[in-house]
Amino acid sequence: MIFDIIGLMGVTLILVVYGLVHLDRIDVKKITFSVLNAIGAALILVSLYVDYNLPAVTIEVAWILISLYGIYAAIRRKKSWLTQLNIT
């Protein structure tokens with residue numbers, strides 16, 4: 001039961017973030033977007049530990065990997081921006 005709740009929290013987080021993107025309330029190039037997606041996918045993976053499903057695990061692992069790249073890219077953009085302003 002607790003794992004279902006954790007998984008539903010992850011699904012809710014991902015859906016809320018997706019909705020915020022379409023409402024122009026969150027920028028997909030900002031680190032917040034990728035962090036929230038990674039957390040949501042990780043919560044779903046926790047629920048899949050109890051009720052294993054290979055296709056679902058595969059998509060969530062891919063979601064996390066893509067989100068990690070998004071975090072990396074956002075950090076690089078921020079550093080580049082700071083360098084251009086000579087604030088490093």
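Ile6 sits in helix 1. Leaving aside neighbours within four places in sequence, Ile6 is in contact with Leu43 and Val46, where contact means heavy atoms within 4.5 Å. Ile6 and Leu43 are 37 residues apart along the chain, and their C-alpha atoms are separated by 5.8 Å.

Some ground rules. This is a predicted model, in which local features need pLDDT of at least 70 and side-chain atom pairs count only at pLDDT 80 or more, while totals for chains, interfaces and linings use all residues. Residues are numbered from 1 along each chain as its sequence is written, and side-chain values use heavy atoms, with hydrogens and water left out.

Now the overall layout. The protein chain has three helices and zero strands, in the order α-α-α along the sequence. Helices are DSSP runs of H or I with at least four residues, strands are runs of E with at least two, and both are numbered from the N terminus. The C-alpha trace spans about 50 × 25 × 20 Å along its principal axes. The radius of gyration is 15 Å, whereas a compact globule of 88 residues would have one near 12 Å. That radius is taken over C-alpha atoms, and the globule rule is 2.2 Å times the number of residues to the power 0.38. Of the 88 residues, 24% are buried. Among contacts with a separation of 6 or more, 57% are between residues 24 or more positions apart. The chain exposes about 6,500 Å², with carbon and sulfur atoms supplying 70% of that; areas come from the Shrake-Rupley method with a 1.4 Å probe, and for residues only the protein chains shown count as cover.

Next, helix 1. Its 21 residues, 2-22, should span 30 Å at 1.5 Å a residue, and the end C-alpha atoms are 31 Å apart, which agrees. The expected span is 1.5 Å times one less than the number of residues. The buried residues here are Gly7, Gly10, Ile14 and Val17. Seen down the axis of helix 1, they fall within an arc of 90 degrees, so they line one face of the helix; the arc is that of the directions from the helix axis to the C-beta atoms. On the other side, Ile2, Asp4, Leu8, Leu15 and His22 are exposed. After helix 1 comes Asp24, with a positive phi near 55 degrees.

Which residues form the largest nonpolar core? There are six: Ile14, Ala41, Ile44, Leu48, Val57 and Ile64. Helix 2 (31-50) and helix 3 (54-84) are the elements giving two or more residues to this core, and helix 2 gives the most, with three. A nonpolar core is a set of buried Ala, Val, Leu, Ile, Met, Phe, Trp, Tyr and Cys residues joined through side-chain atoms within 4.5 Å. Beyond four places in sequence, Ala41 touches Ile14, Glu60, Trp63 and Ile64.

Ser34 lies in helix 2 and counts as buried at 5% relative accessibility. Ser67 lies in helix 3 and counts as buried at 6%. Not counting residues up to four places away, Ser34 touches Ser67, Gly70 and Ile71, while Ser67 touches Ser34, Asn37 and Ala38.

Note on methods:
Buried < 20%, exposed > 50% of the residue type's maximum accessible area, 1.4 Å probe, protein only.
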